[in-house]
Amino acid sequence: MNESNQEAERRAVKHRLDEDLNEISFRGHDEVLKRAFRPSRRQRLSAWWNKDVEFSLGPVSAAFALLLLITAVGLPIYEASTRFSPEERYDRSIQLIETRSGIYDKAFYERMVNKHEN
Amino acid sequence: MKIKLKVKHLVLGLLVPAVVVGSAAYAAPSLISAVSNVQADARGDLLNKLNRAKGDEQLKLIRENVLGYAQGYSPYLFDAYFDSGYVFNHISQRRLAEDPARLLTRADRIPLLRAYVERAESDIWLVQAADQLAYVYDADGRTEDGDRAIELALARANQSPAVRGQLLLLQAGRLLKQGQFAAADSLLEADEDSSIVADPQLRIRFDLLRARAQYADGHPQEALDTAHRGLKAYNEATGTEGGETQGTWARGSGDNGIDKRLARLERAIRHSIQLGDTASSTLTGVLKRSDGTPIAGAGVFLLHESEMYIGFGVRDERPFDQRFMDEPPYRVLTDDQGRFEIKGVMPGIYQINLGVSLAQADGWTYPINFYEWFEIKGGQTVQKNLTMRPLIGQEAPIDGKTIDTDTVELRWKEVPGASYYRVMSSFSNKKGTGTTGGYMSERFQRYTKPQASVPVDRFYRMPSIYWSFDRRSGTNVSWDQFDPKDLLGFSDPDALVSWTVNAYDAQDRLIASSYGYRLNEINASSLPTFYLKRKNLSDADRLLLERKWTQAIETYRSEYEADGTDTHAVRMLADLLYIRSYADNQPRLEREAVSLLEEANERQPNMEDTYKLMSYFYERADWARYEHYYTLYVKLLGRQPDYFELGNHAMSLLKRGRAEEAQAEFSASLATDPSHHYAGPLLALKLQGGLPLDEARKLAESYPEFDYAESGYDWQLMLIDLETERANDPAGFDAKLREGLKAYAAGEHEALAKRIKKQNELPALNTFLKRVLQVQ
């Protein structure tokens, strides 16, 4: 057996040994952690915070496009059918007041004036 | 393809922005959404009530809740108007708060109004329902449904001539709007002999509309005949004088002057025939905000100048919606792209006014000058786009800030495209709503940057009264008519000063203003007001405020004697002596007031007092002293006099018989005066200098006058009449013309006025000279 063969043999044995040991120590490590070291709420939150999530781009884009479509088409229809149109949304019963600087909602204007007086 | 993200990137990148945007959208229009929630509930209740009812009960509820308030009103009523009148008449007397139908959307109204038109009895409410239904359809761009609504009502209304008549008017009005002029004419003609015309109020409306239809259809002479016959028939039936409009219009006239309107239409038709321009035109355009957003459902009112004047040179300044209760001449709604089109427009001089909703008005304005007219010639399609501009944001001073420094530093947001700005200030009671308060117009000051540095003394010097009483004409003056606060003006440290700013382009067109509707928290986040407290009330001021006139006068006198530089004391003393001289009929005091003011002005020459003295001596034809103060005034101005100052001075030269100099100054004034106030005097002087009548007419064409006239064509028309009159006896006419004009150019105005009163043989010449003499 030459020198290089000996070295190869040694590495192969070490590798197997490592694998075995690793399996043992991993399980043990986990158990030890669980028993001896309960993570704080903050740590758990931080773990979640840093957790990786994987998305498939196809379905995500499709969902986004659908959402956009619903907003663009559906919302105006919803608005038109159930609510006042923009020009009708102002309360037309508000009392207006004509002053030297403009025309205001009377109640709001009086609140402003009183605020400045105080 | 997959992407890998950490939860934190997902949250920070997507959710947080979404929340921020969402809450901003929720918070910003909080006032409006709070309001709409309340409204939405009330609306739901009202709709439930209306829909649950059956049969006649339902019709009754529709009448009360949907039609009721609108009885007697046109559906073309808007929450807010933009017109060229003075700013303080925008708000209508109409009380929306009492109208339950305000809660309903257009979509809500359609089935209810339809149900009413289909089932209700034939009476005036049916007309009202059909009118409103057609309007709502029009606003939704469903013109044909609108036409059918009227047809449906007509089919059900044949029992009652009055109802039928009103509906025919609505139908004819729609045909006219759609450009079907001949159809409108024959529709109205077909009913000429029916019982409808027995009612003079109805008949005159038929004639008014028919004259317009005939004119638009290319038959001006027939239109003129219709208008003429219509007026005659109305006057005979009602026993009124009608015809020409004289004097001012009684406010709140129940009849709303339909005969006056027909008379004005008749005159406008007659004038257009005289001027030889009778083909009708079309006006189109788009109404947008300056950011490009179209404004849908807005009312565009094209107003012929004959609709704006209610008498000789008297503008109708009532709130807009009170002016045109029925058959406003040319009105349309903008479509969802903001587009509008008005067909069958008579050639003439026009202004456009707008009616919009509160939401459309809030924070925006449609800037239009008082004299901003435009001409539509015959047979044209004129494109005129309209732009609403954001209100100018005022930065300082605001919210009742106390100013105790020597200058008031005003700042506002820059307006793109503005060539210069003007600032106006006024004082009022603490609420900023006083109707009396003085007005300091800085019309002579142009600021090229969005800021102004105004010395406090300029405010203090603003005259609270001009010295324009006239002993010769027996002016009746008493102390009761003066409010001490008005006399103190800006010198009262308790007076709230409000300011506004306007922006103009290089052609002097108003392009933006700070004045307008400010209805939500954002647009009304601050009030442009301040207090001037550079100085306190003096002892004399306090006495004045207590109306202790005599003591105040004596105390001002001793304050001035103690300190010769106390310009406030001497100015107040002069004003009070001037008033007393009239109130107690003591001419001596007027002389004392004048010399006190002259003395103070000599010590500290200033524009305000110089102007006051200049005007005073002008009125009294004291030309030597007038000239002295005019020269000083121009020096103090530090710039060339503008058209207003030039024109006044030209008139003073004319009164002194210095015609040649006057003519040059009138020309200079007219070059930039949008109202062409002095067109008449210039024409008279040019004619005196030998300009032939036909050339004078061309000159008149370039200076349409809008101040004294009822029409910008007045001077042209008078010159046409002069040419006609001259044709009969040129030599005799020329002699009389020369004689009259010679006296005018020599400044012998009173003598000329007396002479033409006695003359009758040349009526056109007399009218011309009379009108020339009216221009002051």
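Reply: Angles under 35 degrees count as roughly parallel, over 145 as roughly antiparallel, 65 to 115 as roughly perpendicular, and the rest as oblique. The model is predicted.

The pair consists of helix α3 (residues 55-67) of chain B and helix α4 (residues 106-119) of chain B, whose axes come within 10 Å. The two axes cross at roughly 125 degrees. α3(B) and α4(B) are therefore oblique to each other. In handedness, the crossing of α3(B) past α4(B) is left-handed. On the side of α3(B), the contact is made by B:L59, B:I62 and B:V66. On the side of α4(B), B:R109, B:L112, B:L113, B:A115, B:Y116 and B:R119 take part. Sorted by class, the residues of this contact are seven nonpolar and two charged, with no polar residue. Two packed helices are described by the angle between their axes and the distance between the axes.

Chain B has a mean pLDDT of 84, and 84% of its residues reach 70 or more. Within chain B, confidence is highest in strand β3 (residues 281-289), at a mean of 96, and lowest in strand β18 (residues 439-441), at 55. The pLDDT falls below 50 over residues 86-91 of chain B, a stretch that has 14 contacts in the model beyond near neighbours in sequence. It is also below 50 over residues 242-255 of chain B, where the model has 23 such contacts. For the complex, the predictor gives an ipTM of 0.79 and a pTM of 0.78.

B:S513 belongs to strand β21 (residues 510-513) of chain B. A residue is buried if 20 or more other C-beta atoms lie within 10 Å of its own. B:S513 has 22 other C-beta atoms within 10 Å, so this residue is buried. Beyond its neighbours within four places in sequence, B:S513 is in contact with B:T365, B:P367, B:L391, B:I392, B:T500 and B:N502. One of these contacts is with B:L391. The C-alpha atoms of B:S513 and B:L391 are separated by 5.6 Å, although the two residues are 122 residues apart along the chain.

Chain A remains to be described. It contains four helices and three strands, and their order along the sequence is α-α-β-α-β-β-α. Chain A has 118 residues, of which 14% count as buried.

Methods: Residues are numbered from 1 along each chain as its sequence is written. Chains are lettered from A and ligands numbered from 1 in the order in which they are written. This is a predicted model: local features need pLDDT of at least 70, side-chain atom pairs count only at pLDDT 80 or more; totals for chains, interfaces and linings use all residues. pLDDT is the predictor's confidence in each residue, from 0 to 100. Helices (H or I, at least four residues) and strands (E, at least two) are DSSP runs, numbered from the N terminus. Two residues are in contact if their C-beta atoms, placed from the backbone, lie within 7 Å. Axes are lines fitted to C-alpha atoms, for helices over the stretch in contact, and angles run from 0 to 180 degrees between N-to-C directions. A crossing is left-handed if the near helix is turned anticlockwise from the far one by less than a right angle, and right-handed if clockwise. Ala, Val, Leu, Ile, Met, Phe, Trp, Tyr, Cys and Pro count as nonpolar, Asp, Glu, Lys and Arg as charged, and the others, Gly among them, as polar. A residue is buried if 20 or more other C-beta atoms lie within 10 Å of its own, exposed if 12 or fewer, and partly exposed in between; C-beta atoms are placed from the backbone.
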